[in-house]
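Colleague: I am new to this structure and would like to go through it with you. Please show it first.

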Amino acid sequence: MLILIAVLGGAWATALGVGARGRRTRREITEARGRARVCADALRAHTMELARRPDLPPDARRHVEHALGVYADAISSLPEMRSAEEVAAFGPRLRGALDEIAGATAAITGVPAPADPFTGLCGIDPAHGAPVTAPGEAGPRALCEACRDAFQAGDPPAPRMLFEDGGPVPFDAARYGPVLRPDQAP
Ligand SMILES: [Zn+2]
């Protein structure tokens with residue numbers, strides 16, 4: 001009897017361990033998807049900024065179309081991904097498109113392309129697009145027009161949040177890894 005209890009206890013402990021690992025894996029996939037989604041949104045915002053430029057050379061159109069294709073693929077495929085490896089494998093495509101758009105923008109502006117995907121975008125949510133204020137001007141972060149207006153109306157917007165190790169962090173404090181954010185210290 002005692003042996004049976006011991007065996008059942010062991011099986012129970014193993015089942016609990018597998019359950020905890022499964023939860024951790026699911027959490028890691030969800031967190032990785034969240035980080036990739038913010039980078040995809042940053043890619044779309046940079047691409048739209050480039051596409052809106054009146055001095056956009058005709059041959060830069062193909063960069064815009066390619067980047068919007070990568071964005072569309074990210075939006076449709078990320079929710080289907082079931083492993084952290086699958087999400088990580090998408091990283092180089094996002095990075096490549098971010099670099100392509102940064103390079104095409106730098107070719108027009110003459111300003112070197114930043115490695116940080118969030119440079120040149122609203123500090124509340126990169127999906128908002130280009131900021132109209134610098135950090136410290138109307139708030140601690142660079143702000144797009146809508147966020148600046150909210151700040152000045154006494155209703156300061158909170159930065160977009162991600163989950164990291166199960167807790168909420170501002171999007172730019174998450175660990176993106178060297179592919180998506182080469183500027184970030186490891
Ligand atoms: Zn904003």
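Colleague: Which element gives the largest share of the lining of the largest pocket?

Modeller: This is a predicted model. Two or more residues of the lining of the largest pocket come from helix H1 (2-51) and from H3. The largest share is seven residues, and the element that gives them is H3.

Colleague: How much space lies in the largest pocket?

Modeller: Its lining has 20 residues, and the closest to the centre are His46, Thr105, Pro114, Thr119 and Gly120. The lining divides into 11 nonpolar, five polar and four charged residues. The space in this largest pocket is about 400 Å³.

Colleague: Which element gives the largest share of the lining of the second largest pocket?

Modeller: The second largest pocket holds about 210 Å³ of space. Its lining includes Ala32, Arg35, Val87, Gly91, Arg175 and Leu180. Elements that give two or more residues to it are H1, H3 and helix H5 (177-180). The largest share is four residues, from H3.

Colleague: How do the residues of the lining of the second largest pocket divide into nonpolar, polar and charged?

Modeller: Among the residues that line this pocket are Ala36, Ala84, Ala88, Tyr176, Gly177 and Val179. The division for the whole lining is eight nonpolar, two polar and two charged.

Colleague: Which residues coordinate the zinc ion?

Modeller: In sequence, the donor residues follow the spacing C-x5-H-x15-C-x2-C. The distances to the zinc ion are 2.1 to 2.3 Å. The donors are Cys122 (SG), His128 (ND1), Cys144 (SG) and Cys147 (SG).

Colleague: What is the arrangement of the four donor atoms around the zinc ion?

Modeller: Four donors count as tetrahedral if all angles lie between 85 and 135 degrees. Here the angles are 97 to 116°, so the arrangement is tetrahedral.

Colleague: How many residues apart in sequence are the parts that histidine 128 and cysteine 144 tie together?

Modeller: Both histidine 128 and cysteine 144 lie in the loop between helix H3 (84-109) and helix H4 (145-152). The pair therefore ties together parts whose separation in sequence, in residues, is 16.

Colleague: Is cysteine 144 buried or exposed?

Modeller: Histidine 128 has a relative accessible area of 40%, and is partly exposed. Buried means under 20%. Cysteine 144 has 6% relative accessibility, so cysteine 144 counts as buried.

Colleague: In which element is confidence lowest?

Modeller: Over the protein chain the mean pLDDT is 91, and 90% of the residues reach 70 or more. Confidence is highest in helix H2 (residues 61-77), at 97. The lowest mean, 83, belongs to H1.

Colleague: What value is phi of aspartate 165 near?

Modeller: Aspartate 165 lies in the loop between strand E1 (161-164) and strand E2 (167-170). At 48% relative accessibility, aspartate 165 is partly exposed. Most residues other than glycine have a negative phi. In aspartate 165 phi is positive, near 55°.

Colleague: How far apart in space are glycine 22 and alanine 138, C-alpha to C-alpha?

Modeller: Glycine 22 belongs to helix H1, and is partly exposed at a relative accessible area of 23%. Along the sequence, glycine 22 and alanine 138 are 116 residues apart. In space, C-alpha to C-alpha, their separation is 44 Å.

Colleague: What separates the C-alpha atoms of alanine 97 and proline 182?

Modeller: Alanine 97 is in helix H3. With a relative accessible area of 0%, alanine 97 is buried. Alanine 97 and proline 182 are 85 residues apart along the chain, and their C-alpha atoms are separated by 14 Å.

Colleague: What is the separation of the C-alpha atoms of alanine 20 and isoleucine 75?

Modeller: Helix H1 contains alanine 20, which is partly exposed at 34% relative accessibility. Alanine 20 and isoleucine 75 are 55 residues apart along the chain, and the separation of their C-alpha atoms is 29 Å.

Colleague: What is the separation of the C-alpha atoms of alanine 72 and histidine 46?

Modeller: Alanine 72 is found in helix H2. Its relative accessibility is 41%, so alanine 72 counts as partly exposed. Along the chain, alanine 72 and histidine 46 are 26 residues apart, and their C-alpha atoms are separated by 14 Å.

Notes: Residues are numbered from 1 along each chain as its sequence is written. This is a predicted model: local features need pLDDT of at least 70, side-chain atom pairs count only at pLDDT 80 or more; totals for chains, interfaces and linings use all residues. Side-chain values use heavy atoms; hydrogens and water are left out. Donors are N, O and S atoms within 2.8 Å of the metal (3.2 Å for Na, K and Ca); water is not among the atoms, so sites may look incomplete. Four donors count as tetrahedral if all angles lie between 85 and 135 degrees; four count as square planar and six as octahedral if opposite donors are over 155 degrees apart and all others between 65 and 115; anything else is irregular. Buried means under 20% relative accessible area, exposed over 50%, partly exposed in between (1.4 Å probe, protein chains only). On a 1 Å grid over the protein atoms alone, a cavity is a set of points where a 1.4 Å probe fits but cannot get out, and a pocket is an open set with protein on both sides within 12 Å along at least five of seven lines; lining residues have an atom within 4 Å of a point. Grid points are joined across faces, edges and corners, and a volume is the space filled by probe spheres set on the points. Ala, Val, Leu, Ile, Met, Phe, Trp, Tyr, Cys and Pro count as nonpolar, Asp, Glu, Lys and Arg as charged, and the others, Gly among them, as polar. pLDDT is the predictor's confidence in each residue, from 0 to 100.
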